[in-house]
Structure formats: structure tokens, C-alpha cells
Amino acid sequence: MASIAKRPNGKWRARYRDAAGREHARHFDRKVDAQRWVDEETASIVTGQYVAPDARKVTVDEWCDTWLEGYGANRASSVRQAQVHLARIRQEFGPLPLAAVQPSMVKKWMAKLSAEGRSASYRFALHSRLSQVMRAAVLDRKLTISPCSRATSPGAGKPRPYVATEAQLWKLYELAAEEYRPALLLGAFVGLRTAEACGLRPCDVDLEARTVTPTVQYPALPLKTEMSGETVPIPDSLVSVLKPLCADRDHVLVDEDGAQVGPWQVEREMRRIRGKVAGLPDGFRFHDLRHFYASLLIASGADVKVVQHRLRHASAKTTLDTYGHLWPDSDESTRTAVERVMNGKITNLADSVRTGGAPE
């Protein structure tokens, strides 16, 4: 319901009620302005684009606080990463009302970050976080439309992962301290992430079935995704390595004192030995051993779905985006496929072209 009435002071008072039944009013010098305001507000209610006047005043800073409260149920590491992203977003847009952030401003911000020398992956991460926050504002009816879209995104810019050679892998193994060698094998031949390897327990290793099924990550937290708990088959040679590590201990990876090994200890060991291996990048991490595992599977002829399940990716798209370049050359495979069908018919086809007839 909406109405316009003239006040004793000559002002025009425009009123309407929103979908929740709350009344909103404004005063105007001219009746035409009052009518326009009422029409716009009631039209937005009908079309589902309505944002309450008090919600329009919410700043980016205030909404980031609200959003972060709801996001706090996620893993501690995810929350910490979100806080880092939000600090940069607040620095750029904090005092502005949500609706004041325009697509052109987002694009300008991305350009500024690029000029500062920020990597494409860093810019993409910040844009993705801003988009996530703005989408939540739209769902909460604090905003009619998000300023973030594919048009404002800088693109992921992810580099191809470095795949260590067999010689480099075994050199790492040779240089590693004895207590960290099983960790290298779990990364390179089971594809475990650092926290998954450190959280692995003897009950997660089925020696008889020759499988590993991660159930927690360090120290005893839920896994990254539901797919992270997929069972991975392992060969007999790895079973023989893991067997003594599964007896009379709480965790497969323990230090000299028998305590559970932490991810920082594994990464510290990687930093110690990687510089001694010729050809390895300076930033080579334990996680990069998963790339070696992926390359082994692909080289053996495994298809996308198999590699996805062995790496325990949530979707095949993630697998293709990361490792698509490792599959055999597509040009040659196309020629082979076409040649198989055309073989034996090519002479007839060539003759038909010369004579203008159909092949026999």
C-alpha cells in the first residue's frame, strides 16, 4: 500500500509498506518527486529487486563483519585466508555503501593490483572473494546486483604445475631424513596432501586390501572435501614400507620422539633438501609431489575420471584445469582416430573425387 499526502507545511509526504509490513516515508517539495519515489519503491518490491532504505546504508566494512560471522563455521585455515582477503577488500572499498561499489571500480582495482606487480592468481583470489561477499549481500537483500562478474574478473592465471622427474624424486628421497622418507612416498605414490599425510593413522591403511583411505587431516580435523576421503589403491612395494609404520603407534608419520609429525616439519624438510636437487624450482613444495602422482597415472593411460578419483578432486574440471596439458597430444590422437575410420576407403574416396561419383 502506498499514498501521497500534502502536509500543513506544504511538503508532500510519500509512504509505502514493504513486504515485511514496515512503513517507510519521505518528504518532498514537489508532488511529482514524491510520486516518482513511491513508484520506484513499489515497483522494486513487485519485481523482487527491493532493498530496504536502512540496508542501503550498510558499508562494505559492516557487511564484511557480518559475512565473516557466518563464514566462521568453516575450517580455521579457510577463515584465516578469508580474513587476509577481506583486509585487502576493506582497504579498497571499506567506507563505501555496498551499492556504491560499481563494476568499473572493481576493474580499476584489478588494474591497480596488476600495476603493483601482483600475480594473476592473487588478483583472481581477491576478485573471487569480493564476488563471494557481494553475492551473499544480494541474497540477503542488501544489494540488488553484484558488481563482480566475468567481465570484471582478471582470470585465474594459474601456471602449469611443475612435475618432478623420477631422478629428482629419488634424489629427494635419498637426501631426506629417515623419518620423512615415508611422507615423500605418500605424496608421490598416493597423492596425499601435506596435512593428510601427517594426519594418516594406521587404521586408515588396509594392508590386506592394499589401500589407503584418508579420514582426517592434521592434527585430527575433517578433510578438505567429501571426495578427499576416497580410497586409493597402493602397490605391494608401498605396503611393505607402510607395514612397520602401522604397528604400535597412533600415526603413520612420527618424529624421533614418537610424536605426530606436523605439516610445517614436512615443509621445513622439503626446503632443506630441494635446493640440493638439480633442476627443482626454488618454491618446490610437498604438495607438488601430487603432480608427480598425477603424471604417473596419465602416462599409464588413465582417463580423466580415474585421475580425478585417485587425486580425490571434487570435480573432473579441477583435474582437467590442472593437468589437461599432460594428456597425449590431441592433434596426433585426432589423426589416429580419423585414420582408423578412413583406412581402406581412401582409394575409393580419391577415385570418386576424380570421377564425380560415389565411393564403392
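## Exercises on a predicted model

Leaving aside neighbours within four places in sequence, Thr 152 is in contact with Pro 103, Val 106, Lys 107, Met 110, His 127 and Pro 147. The model used throughout is predicted.

**Exercise 1.** Determine where Thr 152 is found, whether Thr 152 is buried or exposed, and what its side chain reaches.

*Solution.* 
- Step 1. Locate the residue: Thr 152 is in the loop between α5 (120-139) and α6 (166-175).
- Step 2. Check the accessible area. The relative value for Thr 152 is 5%, and buried means under 20%, so Thr 152 is buried.
- Step 3. Look for side-chain partners. The side chains of Thr 152 and His 127 are joined by a polar contact of 2.6 Å. His 127 is also among the residues in the contact list of Thr 152.
- Step 4. Look for backbone partners. At 2.9 Å, the side chain of Thr 152 reaches the backbone oxygen of Ser 149.

**Exercise 2.** Describe how helix α12 and helix α13 pack, and name the residues that meet.

*Solution.* 
- Step 1. Read them off. For α12 (residues 304-311) and α13 (residues 316-323), the angle is about 100° and the axes are 9 Å apart.
- Step 2. Classify the angle. Values of 65 to 115 degrees count as roughly perpendicular, and α12 and α13 are therefore roughly perpendicular to each other.
- Step 3. List the residues. α12 contributes Val 304, Lys 305, Val 307, Gln 308 and Leu 311, which meet Ala 316, Thr 319, Leu 320 and Tyr 323 of α13.
- Step 4. Sort them by class: the contact of α12 with α13 has six nonpolar, two polar and one charged residues.

**Exercise 3.** Summarise the whole protein in terms of helices, strands, burial and surface.

*Solution.* 
- Step 1. The protein has 15 helices and six strands.
- Step 2. Of its 360 residues, 38% count as buried.
- Step 3. The accessible surface is about 20,600 Å², and 53% of that belongs to carbon and sulfur atoms.

How values were computed. Residues numbered from 1 in each chain as written. Predicted model: local features only at pLDDT ≥ 70, side-chain atom pairs only at ≥ 80, totals over all residues. Heavy atoms only, no water. Helix = DSSP H or I, 4+ residues; strand = E, 2+ residues; numbered from the N terminus. Buried < 20%, exposed > 50% of the residue type's maximum accessible area, 1.4 Å probe, protein only. Polar contact = N/O pair within 3.5 Å; in protein donor to acceptor, adjacent residues only side chain to side chain. Contact = heavy atoms within 4.5 Å. Areas by Shrake-Rupley, 256 points an atom, 1.4 Å probe, with all protein chains shown as cover. Axes fitted to C-alpha atoms, helices over the stretch in contact; angles between N-to-C directions. Parallel < 35°, antiparallel > 145°, perpendicular 65-115°, else oblique. Nonpolar A, V, L, I, M, F, W, Y, C, P; charged D, E, K, R; others polar.
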